[in-house]
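Open the model in your viewer and get your selection tool ready. We will take a short walk through it, stop by stop.

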Amino acid sequence: MFLASATLFSVASATPGIAEDRTIRVALNEDIRGVDPARETDGMSDPVHMHVVEGLVAYGDNLELGPVLAESFTVEEDGKAYVFKLREGVKFHNGEPMTSADVKWSWDYLMGEGSVWRCKGVFDGAVKVASVETPDPLTIVYRLETPNGSFPYMLARTDCAGTPVFHRASLNDDGSWKSVVGTGPFMAGQRRIGESAEVTRFADYVSPPGEPNGRLGRKEALVDKIRFSVVSDAAARLVGLRSGDLDISSLSTQSVAQIQNEASLDVVLSESTVWYALLLSQTDPLLQNKLLRQAIAAAIDRNAVAQGVTYGLSTGTSTPMPRLSRYYSPIENEPLAADPDLARKLLAEAGYNGEPITLIANKNFPAMFDQAIIVQSQLQAVGINATIDTLEWGLQLDRYTSGNYQAQSFAYSGRFDPMGAWERIVGPESRKVWKDEKAIALLNRGTAATDADEIRAASDELYAMFVDEVPAVSLFHMTLANGVNKRVKGITPSPFDAPTLWNVSVD
């Protein structure tokens, strides 16, 4: 729910008689909570938030990290200190110049008492920041308690709002949230709670250098305004695209074929880092048997699952590491197709006698349910007594968090940092499906490393163990689809959940 006392934008009613300016109209599936990162942000806020605020670093479409508000950074003291040099001349939306003091103030606000910022626990735990220093107006130094090569990647995490830098004028005198004052190419505009949020062009924006690449490089606000409208019904979003009331909307995979045949619309397809998998509990008495887990993996045709769930848009994969990443190693003889003979052989060796194996699924996210149905049929085809227990998403998530299940049809949100693909499943926490000590050590080694070859080596070792141990069966990475009105120019494929709308114009 939106906290009316902590508004993001000025709340206003429509003004009749004013001509419409050059506006891009974007559909949101749900209303945003706001962009106060210490109290309100969620995944639905990101499409709005990323146009208004920026961080020191961000990800490109190739999942490589680069500077945004920083000009450069260096790793010192054997990985325990990160020194960022800031770009000179960057302005906040209120005209004030950005300095290292503003970066530190933003950090202190995000990490402050009472903050529920998504990454607060990360930087006070796995990647412990001991201190933040500002030796001069254009230099900021983060000192870590222990060396950690993933630190800058954590700063750029999209689910943590990119560790945003904003002006203290974003707060009222009493410390409550007022309205975001960032450095992005657009400024916060009018907000109609439950209906829409707008951002408007910032005329004095100072862009990073370089060719546009995801959230890196040149950014230009080529329109006057972007209006993000809440359209919760999928059918209504399609109607809006077709009528021209909407310029951009996410599409369900089954809608893509319809839209591709429409003269006024385009479809932009993007392979993402959103990962779908079948989780197998190694604490379950039956599934503790590695041969049985291997038999399950051998019974599954990953391409068939991917194609069936996404209506032909995605392809199967046996690794959680996305193909977009430089740390994805081309895998010879990747086990994508089912091998029924091997599956039956392994079942016999495992001593399997038809005991039921229950797959948890939900209908709140149709792709997870469809995936479970296809996997169930493939398991049954080789003699595995697979059943499906359909739960509400909240109940399934509780079972996932506690580790109380045999198998789950599951999906993980996107990860962009090098070892993030593995961090989703590796660790001692109850929600992590792979608690093997060697796997945890490999994850920690790859996370601490700053050398790309060391990171790749750790990831490759994890993959070899993953295929052998089968704590989960990797199935596919979701292809995201957006319908775009052809009057909009400049939308490009991107692994992120929402398209960037700088460098985008309208006819």
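**Stop one: the largest cavity**

By class, the residues lining the largest cavity are eight nonpolar, four polar and five charged. Here Ala, Val, Leu, Ile, Met, Phe, Trp, Tyr, Cys and Pro count as nonpolar, Asp, Glu, Lys and Arg as charged, and the others, Gly among them, as polar. This is a predicted model, where local features need pLDDT of at least 70 and side-chain atom pairs pLDDT 80 or more, while totals for chains, interfaces and linings use all residues. Residues are numbered from 1 along each chain as its sequence is written, and side-chain values use heavy atoms, leaving out hydrogens and water.

The largest cavity has a volume of about 180 Å³. Select V53, E54, G55, G162 and R215: of the 17 lining residues, these are the closest to its centre. (A cavity is a set of points on a 1 Å grid over the protein atoms alone where a 1.4 Å probe fits but cannot get out; lining residues have an atom within 4 Å of a point. The volume is the space filled by probe spheres set on the points, which are joined across faces, edges and corners.)

**Stop two: the second largest cavity**

Now select the lining of the second largest cavity, which includes V268, S270, L480 and N482. Its volume is about 90 Å³. This lining divides into six nonpolar, four polar and one charged.

Notes:
1 Å grid on protein atoms, 1.4 Å probe; cavity = no way out; pocket = protein on both sides within 12 Å on 5 of 7 lines; lining within 4 Å.
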